[in-house]
Amino acid sequence: MIEEKFASGHSLIHQVDPKIRIIASIVLSFAAALCDNIYIAILYFMISAILITMARLNLQDVIKRLKPVFWFLLMIWIILPVTFEGKIIYQYHWLKIAGPGVMLCLKITIKSITILLIFTALIATMTIASLGNGLHKLCVPDKMVFLLLMSYRYIAVIEEEYKRLLRAAKFRGFSPGTNMHSYKTFAYLVGMLFVRASIRAQRVYQAMLCRGFNQKFHTLDVYQPNRLNSIFLTCILTAGLSLVILEIIWV
Amino acid sequence: MHISEGILSGPVLISGAAMAVAGTAIGLKKIDYDRIVHVAILSSAFFVASLIHINIGPSSVHLILNGIVGLLLGFAAIPAILTALLLQSVFFQYGGLTALGVNVVVMAFPAVMVHYLFLPMIGKSPKLTFLGGFLAGMFAILISSLLLGLALWFTDKNFLETSLTIITAHIPVMIIEGIVTGFCVTFLLKVYPEILPVKKK
């Protein structure tokens with residue numbers, strides 16, 4: 001279920017320090033999210049496409065990952081044009097399509113895909129361990145980084161527990177349906193999952209104490225400060241800033 | 001229950017992020033180091049539980065369970081849910097960075113409310129326990145969908161119909177979450193009462 005498919009690569013993006021990538025993706029995503037002009041949104045989209053190309057990701061996988069967004073966008077395209085008020089551009093009996101609604105849908109589509117592509121190109125291309133490392137260097141509290149790394153570590157384990165519980169239920173003839181019995185079974189299953197998680201947490205914590213855990217995680221991958229980092233950050237910041245200025249002048 | 005990227009306006013995104021940061025700071029302060037592993041592993045359980053699909057007629061919904069996380073963790077639910085959401089967006093691309101703050105507010109703030117509203121009911125009697133769990137599960141989703149609707153409405157008043165559609169669509173989810181949380185709390189109290197922060201009589 002959980003794989004860091006994009007994290008293993010040797011592209012230019014993969015070599016940039018996680019810290020720099022996190023800053024770049026925050027700046028670019030917010031700039032894109034706050035942009036209100038469709039032409040400029042297209043420019044942001046082009047930047048994100050360039051980043052994806054630079055990261056040399058498999059395009060099919062990238063599109064597959066965007067699937068949940070496509071469903072959401074489909075819903076928006078169905079609801080918004082009909083419910084929005086404004087100039088009617090098309091009418092079929094009672095069905096009225098409003099111009100501003102369509103425009104907004106278009107803008108949302110471009111912006112949401114852009115932001116997700118930026119995220120994929122810059123953040124999904126690092127392992128969670130590097131993400132934790134980067135966040136730590138950016139002064140995110142130790143506890144938060146700890147939570148992230150620890151809960152990532154145990155997702156696979158807990159999922160295995162869940163599969164085991166579900167298998168046991170199925171062996172006993174459980175077939176999920178729309179009835180109280182199914183809901184009750186799932187509730188007990190979830191309850192058991194929480195119980196096992198909690199008991200495991202105690203064990204893990206004791207084991208950590210035994211091994212001298214002193215509330216710190218040490219990272220093993222070291223990113224050397226090099227020129228690539230500063231060039232990359234400068235390019236991203238210049239691109240973002242110039243688009244923001246362009247939008248201000250445009251209006 | 002996620003708000004996608006690219007929809008909300010600047011003020012909504014920024015106030016969402018600010019509220020999420022404040023909530024997370026309070027939550028982190030309440031977790032001390034001997035409980036942090038517990039919170040982390042419960043947050044992975046929350047992540048996994050949200051992948052469980054439950055049949056409802058011909059279609060299916062996935063569990064959200066922010067109600068039960070709230071009951072178990074109180075304020076610590078905010079960083080726990082933030083962690084789960086961040087991991088979800090890294091693995092499944094459910095959301096990106098800009099809407100993360102708003103999504104944390106939408107999912108985690110109701111969880112904290114539920115903790116203070118309904119935890120006192122739990123453990124009093126079997127009926128009250130189930131009722132408390134049911135209300136916690138239902139209320140958490142209700143407030144979440146209201147917050148989600150509000151975020152859209154603050155962005156643009158024209159989103160009113162969309163917001164109402166989203167809230168209506170969540171009514172069956174509220175009932176299912178209520179039932180599941182009710183049974184789940186009853187089960188936890190029988191099997192492993194230490195997990196619930198309920199004061200023993």
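Begin by selecting helix H8 of chain B, where 15 of the 21 residues are buried, so that H8(B) is mostly covered (buried means under 20% relative accessible area, exposed over 50%, and partly exposed in between, with a 1.4 Å probe and protein chains only). This helix, residues 171-191, reaches 30 Å from its first C-alpha to its last, close to the 30 Å expected at 1.5 Å a residue, the expected span being 1.5 Å times one less than the number of residues. Helices here are DSSP runs of H or I with at least four residues, numbered from the N terminus.

Before going on, keep in mind that this is a predicted model, in which local features need pLDDT of at least 70 and side-chain atom pairs count only at pLDDT 80 or more, while totals for chains, interfaces and linings use all residues. Residues are numbered from 1 along each chain as its sequence is written, chains are lettered from A and ligands numbered from 1 in the order in which they are written, and side-chain values use heavy atoms, with hydrogens and water left out.

Now colour chain A by domain: domain 1 takes in 12-126 + 222-250 and domain 2 takes in 140-210, with bounds that come from an automatic or database domain assignment. The centres of these two domains of chain A, taken over C-alpha atoms, are separated by 35 Å.

Next, show both chains and select the interface, where 74 residues of chain A are in contact with 71 residues of chain B (contact means heavy atoms within 4.5 Å). About 6500 Å² is buried between chain A and chain B, and carbon and sulfur atoms give 80% of that area; buried area is the accessible area, with a 1.4 Å probe, that two parts lose on being put together, summed over both. Pick out Lys143(A), Tyr183(A) and Phe194(A), which supply 12% of the area that chain A buries against chain B, more than any other three residues. Among the helices of chain A that each supply at least two residues to the side touching chain B are H2 (18-34), H6 (99-122) and H8 (142-171), while H9(A) gives the most to that side, with 21 residues. Zero salt bridges are found across this interface, a salt bridge being a side-chain nitrogen of Lys or Arg within 4 Å of a carboxyl oxygen of Asp or Glu.

Move to Ser25(A), which is found in helix H2 of chain A and is buried, with a relative accessible area of 0%. Leaving aside neighbours within four places in sequence, Ser25(A) is in contact with Ile118(A), Leu122(A), Ile123(A) and Leu97(B).

The last stops are salt bridges, of which the whole structure holds five over all chains. Select Asp36(A) and Lys107(A), whose closest N and O atoms are 3.3 Å apart; Asp36(A) lies in the loop between H2 and H3 (38-54) and Lys107(A) in H6, so the pair ties together parts of chain A that are 71 residues apart in sequence. Asp36(A) counts as exposed at 54% relative accessibility, whereas Lys107(A), at 16%, counts as buried.
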